[in-house]
Amino acid sequence: MAPSQAATITLAVSSQPTLSPALPPVVRLPKMLCQSKSCGSCFDGPKPGCNNNTCGLPPANTVTRTATGGEVAQDVVSVQSTNGKNPGQVVSVPKFLFTCGSTFLLEGLASGVKGMAGLGRTKISMSSQFAAAFSFHRKFAVCLSSSSSSNGVVFFGDGPYAFLPNNIDISQSLIYTPLILNPVSTAPAYFEGEPSADYFIGVKGIKINGKAVQLNNTLLSINKEGHGGTKISTVTPYTVMETSIYRAVVNAFIKAISQIPRVPAVAPFSACFKAKSFGSTRVGPAVPQIDLVLQSKDVIWTIFGANSMVQVSNDVLCLGFVDGGLEPTTSIVIGGYQIEHNLLQFDLATSRLGFTSSLLFRQTTCSNFNFTSTA
């Protein structure tokens, strides 16, 4: 067996099985294993690649939305365990399944990245395999940092999710909304009849400063072709909205701060302002809050200034939403910037999302998990 190798990978909550074009696996799975329950819906025939007669599954880069032919492979994966408060010993999954593809799929990923960690709604996603290997519920939580110099954290399994300085257990203050299954795949490549591996939630409306934004509500639902609705993505940098939704939200936001001087737009944003015109709060620039109204008027995901305004220069702040065009597959894609320092728990067993809104309100951040001390 080859020695273990550390690998930097891109986290993709909406991705299909974990992709590793760059690391040599220990063993490829023969085609007869395609019929096993662990392989899920992998029923394709032999494919050319590393070996013949292997279980075919198309690996994809969900950042660039490119895909190619590939095969299922198997290796040992090791991760650090935790009791939710302190780091524990390193544990391993001896027969971890992933897809093996061409190295061109690494294009568009950050420098040094060797693959993508797929946490989507599939039987062989990283989260599903960890749940089976360590006998815990199919549940994981993601907390993204806002800085490349400080780590965020991913928890596989249930809470506690404790953060410094006071070991606050964030799992006790989650707000819940149903996860919605899109019956039509939204992946760059997929098999006919395959449902989406993405995590959709039921956004029913949007408010700015407490006032409802007038939207075409039809776009907020998933139609029979799998189009529409709202999903969460860690590989989309900023929230992307269908054009009519985007314009309505941006115009309502501009109206709410009409006294603030505008400055020329900075791509990919259209609404930019003088940074010094805004005050500062614990949760970022003092701007109108943006509320995503979920299954009822009382269940709201609030986006504060730290997650809505992007500092594009010392002098300029822009509203961090992007126009997704007139006919996108998904009407609203909640991007990585909007979920920084928000803890999101994906519970596949009960099909619900737990969320916190900004942890800055609780005087902590996603970087404040205790990564070093076992005391």
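Predicted model: local features only at pLDDT ≥ 70, side-chain atom pairs only at ≥ 80, totals over all residues.
Leaving aside neighbours within four places in sequence, D169 touches P160, Y161 and A162. Zooming out, the protein has 375 residues, and buried ones make up 50% of them. Its secondary structure comes to 3 helices and 29 strands.

**Around D169**

- D169 sits in strand β11, which covers residues 168–169.
- Is D169 buried, exposed or partly exposed? Its relative accessibility is 22%, so D169 counts as partly exposed, given that buried means under 20% and exposed means over 50%.
- G84 is 85 residues away from D169 along the chain, yet the C-alpha atoms of the two are separated by 8.5 Å.

**The protein as a whole**

- Take the contacts in the protein with a separation of 6 or more: 67% of them are between residues 24 or more positions apart.
- The protein exposes about 17,200 Å², and carbon and sulfur atoms supply 52% of that area.

**The nonpolar cores**

- The largest nonpolar core has 57 residues, and I206, I232, W301 and F346 are the ones with the most contacts inside it.
- Which element gives this core its largest share? That's helix α2 (residues 243–256), with 7 residues.
- Domain 1 (10–135) and domain 2 (168–362) each put at least three residues into this core.
- Another core, of 12 residues, lies apart from the largest one; V153, F163, L343 and F369 are among its members.

**Two disulfides**

- A disulfide is a covalent bond between the sulfur atoms of two cysteines.
- The count here comes to 2 disulfides.
- One of them joins C143 to C366, with 2.0 Å from S to S.
- The C143 and C366 pair links distant parts of the chain, 223 residues apart: C143 is in strand β8 (residues 139–143), while C366 is in the segment after β29 (352–358).
- Why is this disulfide called left-handed? The torsion about the S-S bond of C143 and C366 is about -70 degrees, and so the link gets that label.
- Both ends are tucked away: C143 counts as buried at 1% relative accessibility, and C366 is buried with a relative accessible area of 0%.
- The other disulfide joins C272 to C318, again with an S to S distance of 2.0 Å.
- Which hand does the link of C272 and C318 have? With 100 degrees about the S-S bond, the link is right-handed.
- C272 belongs to strand β19 (residues 272–274) and C318 to strand β25 (residues 316–319), so this pair ties together parts that are 46 residues apart in sequence.
- C272 counts as buried at 0% relative accessibility, and C318 is buried at 0% as well.

- Strands of a sheet pair through backbone hydrogen bonds, either parallel or antiparallel.
- Strands β19 and β25 belong to an open sheet of 4 strands, which run in the order β18-β19-β25-β24 with antiparallel pairing.
- Which strands stand at the edges? They are β18 (262–263) and β24 (309–311); each has a single partner strand, so one side of each is left without a neighbour in the sheet.
- Over 2 bridges, β18 pairs with β19 in the antiparallel sense.
- C272 turns up again here, as the bridge partner of V263 in β19.

**A hairpin further along**

- Strands β22 (residues 290–293) and β23 (residues 300–303) pair in the antiparallel sense over 4 bridges.
- How many residues lie between the two strands of this hairpin? There are 6 residues between β22 and β23.
- One bridge brings D291 together with T302, its partner in β23.

**Helix α1 and what surrounds it**

- Helix α1 spans residues 126–134, and M126, S127, S128, Q129, F130 and A131 are buried in it.
- What do the buried residues of α1 pack against? Their partners are the strands β1 (8–12), β5 (71–82), β6 (87–100), β7 (113–118), β8 and β9 (153–156).
- Just after α1 comes S135, which takes a positive phi of about 55 degrees.

Notes. Residues numbered from 1 in each chain as written. Heavy atoms only, no water. Core = buried A, V, L, I, M, F, W, Y, C linked by side-chain atoms within 4.5 Å. Buried < 20%, exposed > 50% of the residue type's maximum accessible area, 1.4 Å probe, protein only. Domains from an automatic or database assignment. Disulfide = S-S within 2.5 Å. Pairing = 2+ DSSP bridges. Contact = heavy atoms within 4.5 Å. Areas by Shrake-Rupley, 256 points an atom, 1.4 Å probe, with all protein chains shown as cover.
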